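I opened my notebook for a look at helix packing.

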Amino acid sequence: MNVTDQSRLPRWQSALLNVARGFLMGGADIIPGVSGGTIALILGIYERLVGAISRVDLKWIGLLKQRRWRDAAVHIDLAFLAALAAGIAAGIVLLAGLMHFLLTDPVARPRTLSAFFGLIFASGLLVARLVRHWTPRQITLLVAAAAGAWWLTGLTGHAIEPSLPYVFLCGMIAICAMILPGISGAFILVLLGAYVHVTGAIKGIPRGQLSGDNVATVAVFLAGCLIGLIAFSKLLKYLLARHEPPTMAVLCGFIFGSLRKVWPFQHDLTPALEFKDKLYENYLPEQIDASVAVCLAIGIVAAIAVFALEWLAHKYDLLESEDPFESETPNSEA
């Protein structure tokens, strides 16, 4: 994977850049079926993000016990994670209302999905370029991952009243999906039937609804997220360090498979339901009329924008793809 050195940037510029990256990731997390992990991979911070999270380990805990705060912060790349988290939070808060309108308005929805389709498709092509030598094995992994993501994004979930152990399991699974490109953690919660239960508990606490059930649900869910995030990030870090080409092929497949969820041309099967409960069915336009042409144009412009941003990132050394704190075993080309 091509690596550029971001050390030439002043610290404050690097922090602002990471806040902007987080902002884009937060905006992506709002979109049903779109993962912030996809944006992290596009922006070249995926490996650094996975590496930083994976270093929440016994060594880090030991540094905290010794009150070596600075060493502990450096160990987990805290400045990077904090800037990214601030951007993600800002993206979710500031873009939530806009994205809700764009995804519910009957005119804006297909155009918005067209933009995301173009962005994600072009991003998949960029990720495919990171695999230097495509072998039959890697092609097979790509196709299998794409088929799995395609199947997964076509499923529908049913709300249930989950037990606390089930909420813990949902947290582990959802957070793993959230850092995988092409798979939305919120969508996984919908499939597991826990989305309404968990989000209802989370929304209730700021409103003063401090019932024992709400607090327990949120606490157990966050515990599941924490355990799942740390464990899965370690696995991902190992795979990226030792088996990068096949791992990138799988991640690329996830991206292409997720395109089913953002196909611009969809029938609303449940017009009477609220947005979070709606079901849509993809269709292929029979003719290219003005509205279809607009969607196609938006998708093409969005795809071109991705390639333009990648070019600018390379030109100004803004693309960062390597964990700056640890050197790993050379990647396998298998």
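Predicted model: local features only at pLDDT ≥ 70, side-chain atom pairs only at ≥ 80, totals over all residues.

Residues are numbered from 1 along each chain as its sequence is written, and side-chain values use heavy atoms, with hydrogens and water left out.

Entry 1, helices 8 and 13. I looked up helix 8 (residues 136-152) and helix 13 (residues 244-257), whose axes come within 7 Å and cross at roughly 35°. Helices here are DSSP runs (H or I, at least four residues), numbered from the N terminus. Axes are lines fitted to C-alpha atoms over the stretch in contact, with angles from 0 to 180 degrees between N-to-C directions. In contact (heavy atoms within 4.5 Å), I found residues including Leu141, Ala145 and Trp150 of helix 8 and Ala249, Gly253 and Phe254 of helix 13.

The axes of helix 7 (residues 108-129) and helix 13 come within 9 Å and cross at roughly 170°. I therefore noted helix 7 as roughly antiparallel to helix 13 (angles over 145 degrees). Ile120, Phe121, Gly124, Leu125, Val127 and Ala128 of helix 7 meet Met248, Cys252, Ile255 and Phe256 of helix 13.

I found Leu16 in helix 1 (residues 11-30). Leu16 is exposed, at 52% relative accessible area (exposed is over 50%, with a 1.4 Å probe and protein chains only). Between Leu16 and Leu84 I noted 68 residues in sequence and 9.2 Å in space, C-alpha to C-alpha.

Terms used
Helix = DSSP H or I, 4+ residues; strand = E, 2+ residues; numbered from the N terminus. Parallel < 35°, antiparallel > 145°, perpendicular 65-115°, else oblique. Buried < 20%, exposed > 50% of the residue type's maximum accessible area, 1.4 Å probe, protein only.
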